Amino acid sequence: MSKEHLAVYLNDHLAGSVMAIELLDHLAKTHDGTPLKTFAVKLSEEIEADRKELKDLMRRLDISESTARKASAWVAGKVTELKLALDDAASGDLRLLESFEFLSLGIEGKRSLWVALAATAENAPALQSLDFERLITRATDQRGLVEELRIAAARKALQP
């Protein structure tokens, strides 16, 4: 296992979690007082828990967090917010659909991270401390919930 490759891969996923949490924070703010806020807050807490698992793994592997990657993720998050704002109003149907698509793709990426690390773990003792089955199941469940909301938003946003 190349530690350099692993460091890049883990930092990329850590950066992705920054974008997801920022997007969920925006959803919670723009949908205050609705069930969507409750959903966004709960999902953000779960993603933060996954992020902690990733950061703990990086510490055990003596992999430092990349400031440049975190900054890039923050900038990408702001560009994404701008793109969404240009496409539709803050709480519009299209913006909601696209927000759920970004989240869905990000969660699938996270699930893929856990699957890839699980496949590597048999030859990497440092990776064997993670409960990959639990992490993969949680990501699958998260994606399923987001997918339901994405399809509901698509029905509203894309109706001719």
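Trainee: Is the crossing of α1 and α2 left-handed or right-handed?

Mentor: This is a predicted model, in which local features need pLDDT of at least 70 and side-chain atom pairs pLDDT 80 or more, while totals for chains, interfaces and linings use all residues. Residues are numbered from 1 along each chain as its sequence is written, and side-chain values use heavy atoms, with hydrogens and water left out. A crossing is left-handed if the near helix is turned anticlockwise from the far one by less than a right angle, and right-handed if clockwise. For α1 and α2 the crossing is left-handed.

Trainee: How many residues of the contact of α1 with α2 are nonpolar?

Mentor: Ala, Val, Leu, Ile, Met, Phe, Trp, Tyr, Cys and Pro count as nonpolar, Asp, Glu, Lys and Arg as charged, and the others, including Gly, as polar. In the contact of α1 with α2, four residues are polar and five charged, and the nonpolar ones number 15.

Trainee: Are α1 and α2 roughly parallel or roughly antiparallel to each other?

Mentor: The helices (DSSP runs of H or I, at least four residues, numbered from the N terminus) span residues 3-30 for α1 and residues 35-60 for α2. Their axes come within 9 Å and cross at roughly 160°, where axes are fitted to C-alpha atoms over the stretch in contact and angles run from 0 to 180 degrees between N-to-C directions. Angles under 35 degrees count as roughly parallel, over 145 as roughly antiparallel, 65 to 115 as roughly perpendicular and the rest as oblique. Therefore α1 and α2 are roughly antiparallel.

Trainee: How do α1 and α4 pack, at what angle and with their axes how far apart?

Mentor: In this pairing, Leu6, Tyr9, Leu10, His13, Ala20, Leu23, Leu24, His26 and Leu27 of α1 meet residues of α4, among them Phe100, Phe102, Leu103 and Leu113. The crossing is left-handed, and the packing angle and axis separation are about 150° and 10 Å.

Trainee: Which charged residue count belongs to the contact of α2 with α5?

Mentor: The axes of α2 and α5 come within 12 Å and cross at roughly 155°, so the two helices are roughly antiparallel to each other. Leu36, Phe39, Leu43, Glu46, Ile47, Ala49, Asp50 and Glu53 of α2 meet Arg134, Leu135, Arg138, Gln142, Leu145, Val146 and Leu149 of α5. The residues in this contact divide into nine nonpolar, one polar and, for charged, five.

Trainee: With the side chain of which residue does the side chain of Arg150 make a polar contact?

Mentor: Arg150 is placed in helix α5 (residues 132-157) and is buried at 18% relative accessible area, because buried means under 20%, exposed over 50% and partly exposed in between (1.4 Å probe, protein chains only). Leaving out residues up to four places away in sequence, Arg150 touches Leu97, Phe100 and Glu101. A polar contact is a pair of N or O atoms within 3.5 Å; within protein, one must be able to donate a hydrogen and the other to accept it, and residues adjacent in sequence count only if both atoms are side-chain atoms. At 2.9 Å, the side-chain partner of Arg150 is Glu101.

Trainee: Is Leu61 buried or exposed?

Mentor: Leu61 lies in the loop between α2 and α3. Setting aside neighbours within four places in sequence, Leu61 is in contact with Lys3, Leu6, Leu10, Ala126 and Leu127. The C-alpha atoms of Leu61 and Ala7 are separated by 9.0 Å, although they are 54 residues apart along the chain. With a relative accessible area of 13%, Leu61 is buried.

Trainee: Which phi does Asp62 have?

Mentor: Asp62 is in the loop between α2 and α3 (67-87). Its relative accessible area is 62%, so Asp62 is exposed. Although Asp62 is not a glycine, its phi is positive, about 60°.

Trainee: How far apart in space are Lys42 and Leu24, C-alpha to C-alpha?

Mentor: Lys42 lies in helix α2 and is partly exposed, at 46% relative accessible area. Lys42 and Leu24 are 18 residues apart in sequence, and their C-alpha separation is 9.4 Å.

Note on methods: Contact = heavy atoms within 4.5 Å.
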